[in-house]
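Hello,

Here is the structure I promised to pass on.

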Amino acid sequence: MKDTIKLLGISASPREHGNSRFLLEVALEAASAVAPDLVETELHSVAGKIFDPCDACDMCHDELGYCKITGDDFDELHDKWIEADAIIYSVPVFHMGVPGNLKNFLDRVGNSVVEGFYSKPWKVIGTITQGSGIATGQEQVMMYLNGHAVMMGCIPPTTLTSRCRPRPPTSWPPQVPNTRWAPTKAAGTCSAW
Ligand SMILES: Cc1cc2nc3c(=O)[nH]c(=O)nc-3n(C[C@H](O)[C@H](O)[C@H](O)COP(=O)(O)O)c2cc1C
């Protein structure tokens, strides 16, 4: 029986200090506050990281059980992904979907891990997603990552999605609420800001 829960937060924005990271920090702090002695949190940002695309060689399925592509930042996050008991992805909407760099990581972690993973205990995988509201797309991101969780044999919990802009750091000018794109009370949306 493990005595701590490892909660990995993945900030999937190419912007190191953007909205995704801000929301993720709040979520990780809240999770830690519930049980400080039990919950071990780690924030991993993909900003500046490179995940080369899957080249569909299928060697991960057929022979290796791991991805043969080397020389990028895949292995570091792959190992953290495996180690974690729970994962929160914090994802900006890019063109109604997930940013390409995260998609590259998920394609490769999906194919190389999925078949061997079922013998291990399930993880809980949650998603925070937000966009500018111009075209929205939060639901697509949420559904995509819930699908990823199910494919990995993991558990997707209720997901938080925000159509409003997250609260800016205090050094920013005060934010005027965007009433045109005000969040709805529809499932999972956030009306906190
Ligand atoms: C390439 C690109 C595509 C985007 N596509 C969408 C979109 O389809 N829908 C949306 O609501 N916002 C879209 N956005 C806006 C971002 O989701 C929004 O600015 C978000 O707050 C950025 O998060 P970050 O601060 O964590 O980087 C896009 C931004 C970029 C750079």
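**Notes on the structure**

Start with Val 141. Leaving out residues up to four places away in sequence, Val 141 touches Val 91, Val 93, Gly 97, Val 98, Thr 127 and Thr 129. Keep in mind that this is a predicted model.

Val 141 also matters for the next point, the core. The largest nonpolar core has 33 residues. Val 141 is among those that touch the most other members, along with Ala 12, Ile 87, Tyr 89 and Leu 102. Two or more residues come from each of β1, α1, α3 (74-83), β3, α4 (100-117), β4 and α5 (138-151). In soluble globular proteins, nonpolar side chains tend to be buried together.

**The chain as a whole**

The chain has 193 residues, and 32% of them count as buried. There are five helices and five strands. Along the sequence they follow the pattern β-α-β-α-α-β-α-β-α-β. Take the contacts with a separation of 6 or more: 73% of them join residues 24 or more positions apart.

**Helix α5**

Back to the helix that holds Val 141. The 14 residues of α5 should span 20 Å at 1.5 Å a residue, and the end C-alpha atoms are 20 Å apart, so the two agree. Which residues of α5 are buried? They are Gln 138, Val 141, Met 142, Tyr 144, Leu 145, His 148 and Ala 149. These residues lie on the same side of α5, because they cover an arc of only 165° around the axis. An α-helix has 3.6 residues a turn, so residues three or four places apart point the same way. The face turned away from the buried side of α5 carries the exposed residues Gly 147, Val 150 and Met 151. Just after α5 comes Gly 153, with a positive phi of about 75°.

**Helix α1**

Helix α1 covers residues 19-34, which makes 16 residues. From first C-alpha to last, α1 reaches 23 Å, close to the expected 22 Å. Its buried residues are Asn 19, Ser 20, Arg 21, Leu 23, Leu 24 and Ala 31. What covers them includes the strands β1 (5-11), β2, β3 (86-92) and β4 (124-130).

**Around the ligand**

The ligand is surrounded by 18 residues. The closest are Ser 13, Gly 18, Ser 20, Pro 92 and Gly 131. By type, the shell divides into six nonpolar, eleven polar and one charged.

Gly 131 sits in the loop between β4 and α5. Is Gly 131 buried or exposed? Gly 131 is buried, because 23 other C-beta atoms lie within 10 Å, and the cut-off for buried is 20 or more. Beyond four places in sequence, Gly 131 is in contact with Pro 92, Val 93, Thr 136, Gly 137 and Gln 138. Ser 20 is 111 residues from Gly 131 in sequence, but the C-alpha atoms of the two are 9.4 Å apart in space.

**An exposed loop residue**

Last, Ile 50. Ile 50 lies in the loop between β2 (39-45) and α2 (59-64). Ile 50 counts as exposed because it has 11 C-beta neighbours inside 10 Å. Setting aside residues up to four places away in sequence, Ile 50 touches Asp 72 and Asp 73. Asn 101 is 51 residues from Ile 50 in sequence and 7.0 Å away in space, C-alpha to C-alpha.

Best wishes

Methods. Residues numbered from 1 in each chain as written. Predicted model: local features only at pLDDT ≥ 70, side-chain atom pairs only at ≥ 80, totals over all residues. Helix = DSSP H or I, 4+ residues; strand = E, 2+ residues; numbered from the N terminus. Buried ≥ 20, exposed ≤ 12 C-beta atoms within 10 Å, placed from the backbone. Contact = placed C-beta atoms within 7 Å. Near = placed C-beta within 6 Å. Nonpolar A, V, L, I, M, F, W, Y, C, P; charged D, E, K, R; others polar. Expected span 1.5 Å × (residues − 1). Core = buried A, V, L, I, M, F, W, Y, C linked by C-beta atoms within 7 Å. Arc of directions from axis to C-beta.
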